[in-house]
Amino acid sequence: MTAEGGGTIRRRIKNLSIKLRRRSGTARHKEDLSGKVTLEKVLGITAPGNRALACDPQTGLLAYPAGCVVVLLNPRKNKQHHIFNSSRKAITTLAFSPDGKYVVTGESGHMPAVRVWAVSDRVQVSELHEHKYGVSCVSFSPNSKYIVSVGYQHDMMVNVWNWKVCILTALFSSSF
């Protein structure tokens with residue numbers, strides 16, 4: 001690259017930064033873009049362990065986390081839907097209910113939640129708090145009445161939830 005070409009690039013970058021400063025300086029209020037911006041496709045997966053991928057055996061729908069989003073992938077149609085975690089905490093684990101109507105997720109971070117989502121509407125239907133550091137594994141009981149959640153190593157908690165009424169029915173703590 002010649003010295004003249006380098007000067008042209010520098011001048012373009014300088015002009016671009018001036019334009020950007022002017023635009024941001026004129027906007028005094030933040031505009032809500034949630035109704036205008038949609039997520040079309042997620043490329044990638046956040047898989048901290050082997051419990052970060054689930055498949056509904058009845059429909060073949062796959063679920064996996066990508067940061068604070070659960071991606072619902074229909075591999076037959078190559079189409080994605082997304083569930084957004086309102087807490088914006090990273091999702092570490094997930095599982096389908098035996099009937100495929102619900103997905104349960106576990107989060108990482110301080111005071112994480114176990115959340116249950118309706119697959120058809122992609123809305124949260126239950127939020128359960130008892131873990132302190134993170135959730136490494138979640139699963140529905142065969143009749144879908146209970147959820148078992150296992151905390152991270154420092155949490156040393158295994159919880160059994162009656163998720164429809166948000167009650168912790170059993171708590172197992174270990175100090176190995």
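This report describes the strands, nonpolar cores and selected residues of a predicted model.

Strand β1, residues 54–55, pairs with β2 in the antiparallel sense, over two bridges. Within this pairing, A54 stands opposite A63 of β2.

| Hairpin | Residues between the strands | Turn residue with positive phi |
|---|---|---|
| β1 and β2 | six residues | G60, about 80° |
| β2 and β3 | two residues | G67, about 70° |

Strand β2 covers residues 62–66, and four of its five residues are buried, so the strand is largely enclosed by the rest of the structure.

In soluble globular proteins, nonpolar side chains tend to be buried together. The largest nonpolar core of this model has twelve residues, including A54, A63, V70, I83, F96 and W117. Strands β3 (69–74) and β5 (91–96) each supply at least two residues of this core. The greatest contribution comes from β5, which gives three residues. Another core lies apart from this one; it has eleven residues, among them A95, V138, W161 and W163.

V70 is a member of the largest core. Which residues does V70 touch, not counting those up to four places away in sequence? They are A63, Y64, H81, H82, I83, I91, L94 and T105. A63, I83, I91 and L94 are also listed in the largest core.

**A residue in strand β8**

S126 is found in strand β8, which spans residues 123–129. Is S126 buried or exposed? Its relative accessibility is 3%, and because values under 20% count as buried, S126 is classed as buried. A polar atom of the S126 side chain lies 3.0 Å from the backbone oxygen of W163. Leaving aside neighbours within four places in sequence, S126 is in contact with V114, R115, V116, W163 and C166.

**Cysteines**

A disulfide is a covalent bond between the sulfur atoms of two cysteines. How many disulfides does the model contain? The count is zero. With regard to accessibility, C55 has a relative accessible area of 43% and is therefore partly exposed. C68, at 25% relative accessibility, also counts as partly exposed.

Definitions and conventions: Residues are numbered from 1 along each chain as its sequence is written. Side-chain values use heavy atoms; hydrogens and water are left out. A disulfide is a pair of cysteine sulfur atoms within 2.5 Å. Buried means under 20% relative accessible area, exposed over 50%, partly exposed in between (1.4 Å probe, protein chains only). A nonpolar core is a set of buried Ala, Val, Leu, Ile, Met, Phe, Trp, Tyr and Cys residues joined through side-chain atoms within 4.5 Å. Contact means heavy atoms within 4.5 Å. Two strands pair if DSSP finds at least two bridges between them. A polar contact is a pair of N or O atoms within 3.5 Å; within protein, one must be able to donate a hydrogen and the other to accept it, and residues adjacent in sequence count only if both atoms are side-chain atoms.
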